[in-house]
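Have the structure open as you read.

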Amino acid sequence: GEPPERRLLRTPAERGTGHHPAADYVSEPGWATFDAHIRHVFARLVELRERGPNRQVPLVMHDYARVMPRPAPAGLGAGPWLHPAFEDYAVPHDDRLAVSDEFTARVAKLLKSMIDERMAADPAAGLYLVNTRSADVELAAAGSTGRSGDWINEIHLTPQGYRKCTVLWADVIDPLFA
């Protein structure tokens, strides 16, 4: 019942039924709201860092590895995160991984653009992005409800999955201490 600018997914009535390219599931007005909100939060985070005792301490962020939307909560009422929305908006099971990939690609692009813009304005800003989307993590099985592949739940990696991301983090962090 939310208007398009207050949600990230399009309703079945807005997109039609059947199989669609992943981008067809995204509410572009909702994405614009999300983009503006994240840009505001990011600017505020960097501003607070610059005003405090951690001025120009490196700020390292990451994007997400590929996430299989599935009914795998973290426990104690946390999660799952994507799966319920995909159920509510009737995203067909065969399209869910592609839609998840669409969202993680957009988040990665948004993070990179914010960091690039800030670094262009202030080369000493000390902002870094770890591209965990390129991690060689094993996807969870669609529909699995617990530990599967390199995932403990829908969006959190197992220790083995995190080890696979360590190399990517090291590529960014190690030079900061060299």
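Helix α5 (residues 159-173) gives the most to the lining of the second largest pocket, with three residues. Keep in mind that this is a predicted model. The second largest pocket holds about 160 Å³ of space, and among the residues lining it are His62, Asp63, Tyr64, Trp151, Tyr162 and Trp169.

Now turn to the largest pocket, which has a volume of about 640 Å³. Of the 23 residues lining this pocket, Leu8, Phe34, Leu82, Phe103 and Val107 are the closest to its centre. At least two lining residues come from each of α2, β1 (59-62), α3 (82-88) and α4, and α4 supplies the largest share, six residues.

Here are the two linings by class:

| Pocket | Nonpolar | Polar | Charged |
|---|---|---|---|
| Largest pocket | 18 residues | three residues | two residues |

How do the helices α2 and α4 cross, and at what angle? The axes of α2 (residues 28-51) and α4 (residues 96-121) come within 11 Å and cross at roughly 40°. The two helices are therefore oblique to each other, and their crossing is right-handed.

Where they meet, α2 brings residues including Trp31, Phe34, Ile38 and Phe42, while α4 brings others including Phe103, Val107, Leu110 and Met114. The residues of this contact divide into eleven nonpolar, one polar and six charged. Look again at Phe34, Phe103 and Val107: they take part in this contact and are also among the residues closest to the centre of the largest pocket.

Definitions and conventions
Residues are numbered from 1 along each chain as its sequence is written. This is a predicted model: local features need pLDDT of at least 70, side-chain atom pairs count only at pLDDT 80 or more; totals for chains, interfaces and linings use all residues. Side-chain values use heavy atoms; hydrogens and water are left out. Axes are lines fitted to C-alpha atoms, for helices over the stretch in contact, and angles run from 0 to 180 degrees between N-to-C directions. Helices (H or I, at least four residues) and strands (E, at least two) are DSSP runs, numbered from the N terminus. Angles under 35 degrees count as roughly parallel, over 145 as roughly antiparallel, 65 to 115 as roughly perpendicular and the rest as oblique. A crossing is left-handed if the near helix is turned anticlockwise from the far one by less than a right angle, and right-handed if clockwise. Contact means heavy atoms within 4.5 Å. Ala, Val, Leu, Ile, Met, Phe, Trp, Tyr, Cys and Pro count as nonpolar, Asp, Glu, Lys and Arg as charged, and the others, Gly among them, as polar. On a 1 Å grid over the protein atoms alone, a cavity is a set of points where a 1.4 Å probe fits but cannot get out, and a pocket is an open set with protein on both sides within 12 Å along at least five of seven lines; lining residues have an atom within 4 Å of a point. Grid points are joined across faces, edges and corners, and a volume is the space filled by probe spheres set on the points.
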